[in-house]
Amino acid sequence: MLDTPVVRSFVADVRAVLGHARSPEDACARLRPRFAELLADPAWLPAAYREPARESGMGGGIGQWLLFRAGDGSLSLFSLVVPPGSETPVHDHLAWGLVGLYRGTQDEEIYAERDSGLELVERRALEPGDFYALIPPTDDIHRVRTTSPETSVSIHLLTNDTGCIWRHAYDPSSGERRPFRSGYVNVDCEP
């Protein structure tokens, strides 16, 4: 979707690592330096992919912009744009990969499913350049909220077609889950 030398080079490096990694943890560890470079580069992501979206699958003007998707849906790179004062629903990803903050600031809440429902297990404040490995099931359920006066933009590198697969959104108080597909602003998902 974003066919630039920076994205092509990054995806080629990711595919090379995935071809030799022994586990998701190993792949994420090997990709850390390259992902940090991408987050630190202020020029590679065009302004259009940093814009909120009035109509979106997450609501609140949150825009999910697809940058790259493997033909078989096994890998996606996208930006998630969250306007000031907005937050995502509590949701899962059903994939492993890396998630990092490119612009703005965010608070993240990480949840775990328990017999009694959802339990908030960690809170963290994120600043530009901060990133983490997402390796289910231990840290797959979260919610993010923009805390800066400017729109926040995070970059996601995940091992599925996150915007188009059916995942789950959760009611944080009851733990009840419902089917959820966030979609992308710039690409339609097949029905």
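Because the model is predicted, local features require pLDDT of at least 70 and side-chain atom pairs count only at pLDDT 80 or more, whereas totals for chains, interfaces and linings use all residues. Residues are numbered from 1 along each chain as its sequence is written, and side-chain values use heavy atoms, with hydrogens and water left out.

An open sheet of five strands was found, with the order S1-S2-S9-S4-S7 and antiparallel pairing. Helices (H or I, at least four residues) and strands (E, at least two) are DSSP runs numbered from the N terminus, and two strands pair if DSSP finds at least two bridges between them. Strand S1 (63–69) and strand S7 (131–134) form the edges, each pairing on one side only. Seven bridges link strand S2 (residues 76–82) and strand S9 (residues 152–158) in the antiparallel sense. Within this pairing, Val-82 has Ser-152 of S9 as its bridge partner.

Helix H1 (residues 5–20) touches S1, S2 and S9, and its direction makes about 70 degrees with that of S1. Helix H2 (residues 24–40) touches strand S4 (97–103), S7 and S9, and its direction makes about 15 degrees with that of S4.

The axes of H1 and H2 come within 9 Å and cross at roughly 165 degrees. H1 is therefore roughly antiparallel to H2, a class that covers angles over 145 degrees. Residues in the contact include Phe-10, Val-14 and Val-17 of H1, and Ala-27, Leu-31 and Phe-35 of H2.

The structure holds one disulfide, defined as a pair of cysteine sulfur atoms within 2.5 Å. This disulfide joins Cys-164 to Cys-189, with an S to S distance of 2.0 Å. The torsion about the S-S bond is about -80 degrees, so the disulfide is left-handed. Cys-164 lies in the loop between S9 and strand S10 (167–170) and Cys-189 in the segment after strand S11 (177–180), so the pair ties together parts that are 25 residues apart in sequence. Both Cys-164 and Cys-189 are buried, that is, under 20% relative accessible area (1.4 Å probe, protein chains only). Cys-28 is also buried, with a relative accessible area of 3%.

Definitions and conventions:
Contact = heavy atoms within 4.5 Å. Axes fitted to C-alpha atoms, helices over the stretch in contact; angles between N-to-C directions. Buried < 20%, exposed > 50% of the residue type's maximum accessible area, 1.4 Å probe, protein only. Parallel < 35°, antiparallel > 145°, perpendicular 65-115°, else oblique.
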